[in-house]
Amino acid sequence: QKMPPALPATINIQEPRWDQSTFQGRAKHFFMVTDPRNLLLSGATLEEARRVVEDYRAGTVQPGLTEDQLWRAKYIYDSAFHPDTGEKMILVGRMSAQVPMNMTITGCMLTFYRTTPAVLFWQWVNQSFNAIVNYTNRSGDAPITPSQLGTAYVSATTGAVVTALGLKSLTKHLPALIGRYVPFAAVAAANCINIPLMRQRELKLGIPVTDENGNRLGESTAAAQKAIFQVVVSRIGMAAPAMAIPPVIMNMLEKRAFLKRYPYLNAPLQVGLVGLCLVFATPLCCALFPQKSSMPVSSLEPEVQDQIRKKDPWLETVYFNKGL
């Protein structure tokens, strides 16, 4: 039997499989990255994916390896191992845990919003989860110190709780449906606090900017501001459908005899609706902006522009990793 031709060692698995200049390509990439099924993979499967990827990067192609198998191994590897340190990431902090974890937390925030202790508890749970995600997906180039992590965690939790309790008191005399949107406002406020604080080192010192070929040209705080703004918009966009659509449906269902007869189904129904929204909202909102973002050299700080002009006078656009 004729053996299939050996896979060339020239496929660039440092980059995603699909064209990242299009929304469709980015969406396909993030559907793979956030696939919750990756959480169910055994340790042996993860180690095998690591071996395939590391061997391929070193120029060794395993016999019989197909291109599809290589890309599958790359996405399994990326789902579990940190891109900079190579360490296995905390299970609940991985991008593949975003849907199941957010589905449970958001569903409970939307279900138990009526009492102050419940608001406090679920906002605290949500910000604790965010802190784990931000720590797990930290950049190796700009490590997060324990004090920065603590400050971001306390500030975001306080911001979320204060917003939630403040809005809750304001909506007491308004229709019940408006009260259901208090958790979303609190989460949006917390994202606006948490992400800039978690990445404050980048805002102070800048993030690396490169040319099209990845050659480092310097560090820019203007690029950091744009990157963080894009991440905040993506995170709020991720939360919006899951926190905006289920309240309308639940508000209608609670008026029907079915939920009055079986009130214990309220939380599971809410969690299920949130999960359905998040399965699509998480990858699609991650795909709103390219991971490798860009901006004109003329928009950078004057001193960084001068630095770049000395290296390449004709360069018009720089690139940077916006983070997640």
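This is a predicted model: local features need pLDDT of at least 70, side-chain atom pairs count only at pLDDT 80 or more; totals for chains, interfaces and linings use all residues.
Colleague: Fine. What makes a stretch of the protein chain a helix or a strand?

Modeller: Both are DSSP runs, numbered from the N terminus: helices are H or I over at least four residues, strands are E over at least two. By that rule the protein chain has 13 helices and four strands. Its C-alpha atoms fill a box of roughly 65 × 65 × 35 Å along the principal axes.

Colleague: Why is Ser96 called buried?

Modeller: Buried means under 20% relative accessible area, exposed means over 50%, and partly exposed is in between, using a 1.4 Å probe and protein chains only. Ser96 has a relative accessible area of 1%, so Ser96 is buried. You will find Ser96 in the loop between helix 3 and helix 4 (98–111).

Colleague: And what does Ser96 touch, leaving aside its neighbours within four places in sequence?

Modeller: Contact means heavy atoms within 4.5 Å. Ser96 is in contact with Val33, Thr34, Asp35, Pro36, Asn38, Leu39 and Ser79.

Colleague: Now helix 12. Why does Asn266 count as buried?

Modeller: Asn266 has 16% relative accessibility, which is under the cut-off, so Asn266 counts as buried. Asn266 is found in helix 12 and touches Thr111, Met250, Glu254 and Leu259, not counting residues up to four places away in sequence.

Colleague: What about Thr282, buried or exposed?

Modeller: Thr282 also lies in helix 12. Its relative accessibility is 0%, so Thr282 counts as buried. With residues up to four places away in sequence set aside, Thr282 touches Thr34, Gln98, Val99 and Met238. Thr282 and Gln98 are 184 residues apart in sequence, yet 7.7 Å apart in space, C-alpha to C-alpha.

Colleague: Over the whole protein chain, how many of the residues are buried?

Modeller: Of the 324 residues, 46% count as buried. As for contacts between residues at least 6 apart in sequence, 73% join residues at least 24 apart.

Colleague: What makes a group of residues a nonpolar core?

Modeller: A nonpolar core is a set of buried Ala, Val, Leu, Ile, Met, Phe, Trp, Tyr and Cys residues joined through side-chain atoms within 4.5 Å. The largest such core has 25 residues, and those with the most contacts inside it are Leu7, Ile11, Ile13, Tyr56 and Leu70. Helix 1 (23–33), helix 2 (43–57), helix 3 (67–80) and helix 12 (266–286) each give two or more residues to this core, with the largest share, seven residues, coming from helix 3. Apart from this core lies another, of 16 residues, among them Val99, Met109, Val133 and Ala242.

Terms used. Residues are numbered from 1 along each chain as its sequence is written. Side-chain values use heavy atoms; hydrogens and water are left out.
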